[in-house]
Amino acid sequence: MNQSIEHFVPVYNCIGKMLLLKRRFPLTQTPLKRYSSASTIYALSSAYGKCGVSVIRVSGPQTRKCLRSIIGSTTLKERFAHLKALYHPKTNEMIDKALVLWFPGPSSFTGEDCCEFQVHGSLAVISAMFDALSQIPGLRPAKPGEFTKRAFFGNKLDLTEVEGLADLIHAETEAQRKQALQQSNGSLSRLYDKWRKCLIRCAAHLEAYIDFGEDENIEDDVIFQLSKELINVQKEINAHLNDQRQGEMLRDGVRTCIIGAPNVASLGG
């Protein structure tokens with residue numbers, strides 16, 4: 001190889017750090033454990049207040065028990081809407097007639113067994129449903145963001161998709177909606193995963209070159225090729241970071257200060 005070794009010192013340093021991390025946290029290490037809890041949670045998934053329809057979501061291992069207690073049956077076709085009468089499990093008094101949807105895990109938002117009650121959106125109906133659900137052993141009100149937390153620990157969403165989902169919920173403009181939708185659909189995840197796979201491949205090739213380069217007749221230009229790949233990745237990452245924070249400004253808006261004497265810009269001034 002004709003290339004001077006000093007030219008590849010930054011490459012050695014970069015990949016050396018990657019190898020250290022790889023050995024400290026090997027790829028065969030047990031992945032993030034699935035989030036599990038003995039409790040089944042419920043909450044209002046739609047906005048609180050008077051409206052035509054309110055959606056109450058239930059997620060967890062006691063979801064079937066919840067359906068049996070509220071509608072008297074668990075034989076629902078999954079991911080289909082069923083018109084059912086809802087009853088209080090203690091008083092057996094009818095609460096409402098509503099659409100009920102059943103999402104068995106892992107094919108649900110959280111990865112757990114889930115169901116939804118699409119009730120009439122009056123405060124009285126919502127209050128009665130919450131009282132009914134609270135009477136079922138093993139159920140408790142969800143904490144803020146807990147459905148998304150369970151989706152994350154159930155490997156249904158990654159952190160960038162969670163952030164995109166939050167942005168989509170709070171989007172107020174068309175540009176904010178488009179950006180949030182792209183992120184919640186995994187556009188950033190795919191980009192970061194591409195960089196990750198490239199770095200892992202470079203680390204593996206360098207290890208092979210160090211360990212078997214003399215014995216296995218590995219091409220001499222392997223370091224040069226690794227250098228090219230890493231430089232390309234570095235350029236892509238720098239370009240991604242140096243976007244003048246356009247994504248943040250689009251999401252958060254730009255604060256503008258109008259300075260001048262009072263009433264200078266008034267129509268009658």
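These are my notebook entries on what I looked up in this predicted model.

**Ground rules.** I number residues from 1 along each chain as its sequence is written. Because the model is predicted, I ask for pLDDT of at least 70 for local features and 80 or more for side-chain atom pairs, while totals for chains, interfaces and linings use all residues, and side-chain values rest on heavy atoms, with hydrogens and water left out.

**Overview.** I began with the secondary structure, which comes to nine helices and six strands (DSSP runs numbered from the N terminus: H or I of at least four residues for helices, E of at least two for strands). The chain has 269 residues, and 32% of them count as buried (under 20% relative accessible area; exposed is over 50%, partly exposed in between, with a 1.4 Å probe and protein chains only). I then looked at contacts (heavy atoms within 4.5 Å): of those between residues at least 6 apart in sequence, 61% join residues at least 24 apart.

**Ser-54.** I found this serine in strand β2, residues 51–59. Ser-54 counts as buried because its relative accessibility is 0%. Leaving out residues up to four places away in sequence, I see Ser-54 touching several residues, including Leu-44, Phe-117, His-120 and Ile-126.

**Aromatic pairs.** My search of the whole structure gave three (ring centres of Phe, Tyr and Trp, the last by its six-membered ring, within 6.5 Å; planes under 30 degrees apart are stacked, over 60 edge-to-face, the rest tilted). One of them is Tyr-42 with Phe-130, tilted at 50° between the planes and 5.8 Å centre to centre. Tyr-42 is buried at 5% relative accessibility, whereas Phe-130 is partly exposed at 26%. I also noted Tyr-192 and Trp-195, tilted at 35° with centres 5.7 Å apart. They sit three residues apart in helix α7 (residues 187–212), so about one helical turn separates them.

**Charges over rings.** Here I wanted NZ of Lys or CZ of Arg within 6 Å of a ring centre and within 35 degrees of the ring normal. Arg-57 lies over the face of Phe-147, 5.4 Å from the ring centre. Lys-77 does likewise over Phe-80, at 4.1 Å.

How many salt bridges does the whole structure hold? I found nine, taking a side-chain nitrogen of Lys or Arg within 4 Å of a carboxyl oxygen of Asp or Glu. Arg-57 meets Glu-116 in one of them, at 3.5 Å from N to O. That bridge links strand β5 (residues 114–121), which holds Glu-116, to Arg-57 in strand β2, 59 residues apart. Both Glu-116 and Arg-57 are buried. Glu-229 pairs with Arg-201, the closest N and O atoms being 2.6 Å apart. Glu-229 is in helix α8 (residues 222–241) and Arg-201 in helix α7, so this bridge ties together parts 28 residues apart in sequence. Shared partners also join Glu-112, Arg-140, Glu-146 and Arg-150 into one network.
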